[in-house]
Structure formats: structure tokens, C-alpha cells
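Reader: Can you walk me through this one? I'm new to reading structures.
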Amino acid sequence: GQIAIYESGTLEFTKMIMAHEMFVNCLLFLNSFDLMISGSDDFSIGIWKGEKMTRLSYLRSHSGGVKALVCSGDEQYFFSGSIDKTVIMWSSIDFSLLSKFACEEMIFSLLMWPTQSHLLFGGQGTVFFYRITGTKMVKKYKDLHDDWIRQMIFLPNTVAFVTGSNDSEVHLNWYSEEPLLSHESPVVGLGVVGENLLVSVSLDG
């Protein structure tokens, strides 16, 4: 339940805060509001302010561990995904609950569509497309992986997205029948450097 704080320029350790009662699964930074959001297996979402990481609030509307966080492009609202099979849309201004999405599977990752009109939910091998307005599922892509999808990221200047899973594989969107590459352990991170380099991080080192 702890979060380690480091100085961004020097990477010097600053302090350790006891943020939650159980594991911290995800962090989200809202630079426009000088906020850090944390999601935990204790079912709660922590709201932290400024360099001192002052706790403002805990949001407790999930009935399962919070596994994923993502925000809108303008950072006016953010989303939390949980193993309780729901995604909640929150206001970044007053932290009020704006809407709730019900899903068929537990949620392990979230990704905002580039046009900001849709949200992707990463489940237990399936990716669900939801329209933000109306909270309705538009489409789902089944059996992309054999285990839960831990990470999703868009490739620059495309509508293709990459998924990383606990099955140790990385897939390029829903058109790819074969893995883009395979690790020996669960994929825990994805990133893009520039426009041409995809980076995947796995527990295999």
C-alpha cells in the first residue's frame, strides 16, 4: 500500500507515503490540477495534491480492487476500472461520480480512444469498446489473449493499438492473428518512443 516519491530531476528519494491498506495497482497524474490518483486492491481510489502529496480524499464506489486508471485528453474527468466488472467516470474538479459502465468481465486496463469519444476496457483476454456518452458497449474483440490484458497503448498516427497480457504476449490490435512478440513472463508495461519504437516490459527482465 506504499507509494515512493522521488525528485524528478535527480531521482533522489523524497519520502514514502502509506497510501492504501493493500497493493497499489495504478497511478494517474493530472498535471492540470496538480493531482495524483492511486488505485488499490483495497477497493479505493486515493486523491493526492501537490509536491507534498497531501491526501484530499478516498473514493469508495467500487466493490473490488481498482486495477486501471485513465483520464480524458483535457484532464477534466478520469476513469477507474475494477475487478468488480465496472468502470466509473469521475470529475477531476470535485471528484463526483459522473457515470458507471457495466462490463461482462473484470477490468484490468483502460485506454482512451484518440478522438476521446470511446473507451477501451481490457478484460480477461477480451477488449471492449464503450461509447462514453450513453455508457453503452459498441463492440468487443474476444480471445485476443489467453489471460487478462494488463496494458494497452495506441501507436502514434494510427488507430492501431497494442495489448500486453499476463499470458506473456504482446499483440498488435485485433487484426493480428499471431503475437507481435512473446516474453517468458507477464507483460507489465508498454510505451512508444517517437513514432517508430515500441517498448514492452515484462517480468522476465
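Author: We'll take salt bridges, then a surface patch. This is a predicted model, where local features need pLDDT of at least 70, side-chain atom pairs count only at pLDDT 80 or more, and totals for chains, interfaces and linings use all residues. Residues are numbered from 1 along each chain as its sequence is written, and side-chain values use heavy atoms, with hydrogens and water left out.

Reader: OK. How many salt bridges are there?
Author: Two. The term means a side-chain nitrogen of Lys or Arg within 4 Å of a carboxyl oxygen of Asp or Glu.

Reader: What does aspartate 41 pair with?
Author: Lysine 67, with the closest N and O atoms 3.0 Å apart. The pair links distant parts of the chain, 26 residues apart. Aspartate 41 sits in the loop between β4 (35-40) and β5 (45-49), lysine 67 in strand β7 (residues 66-71). Strands are DSSP runs (E, at least two residues), numbered from the N terminus.

Reader: Is aspartate 41 buried or exposed?
Author: Buried, at 16% relative accessible area. Buried means under 20%, exposed over 50%, partly exposed in between (1.4 Å probe, protein chains only). Lysine 67 is partly exposed, at 23%.

Reader: And which residue does glutamate 104 meet?
Author: Lysine 140, at 2.9 Å, N to O.

Reader: New topic. Which residues make the nonpolar surface patch?
Author: Tyr6, Phe13 and Met16, about 330 Å² in area. Patch residues have over 30% relative accessible area and no salt bridge; like charges are joined within 9 Å, nonpolar side chains (Val, Leu, Ile, Met, Phe, Trp, Tyr) within 5 Å. Areas come from the Shrake-Rupley method with a 1.4 Å probe; for residues, only the protein chains shown count as cover.

Reader: Where is phenylalanine 13?
Author: In strand β2 (residues 13-18). Phenylalanine 13 is partly exposed, at 42%.

Technical notes:
Helix = DSSP H or I, 4+ residues; strand = E, 2+ residues; numbered from the N terminus.
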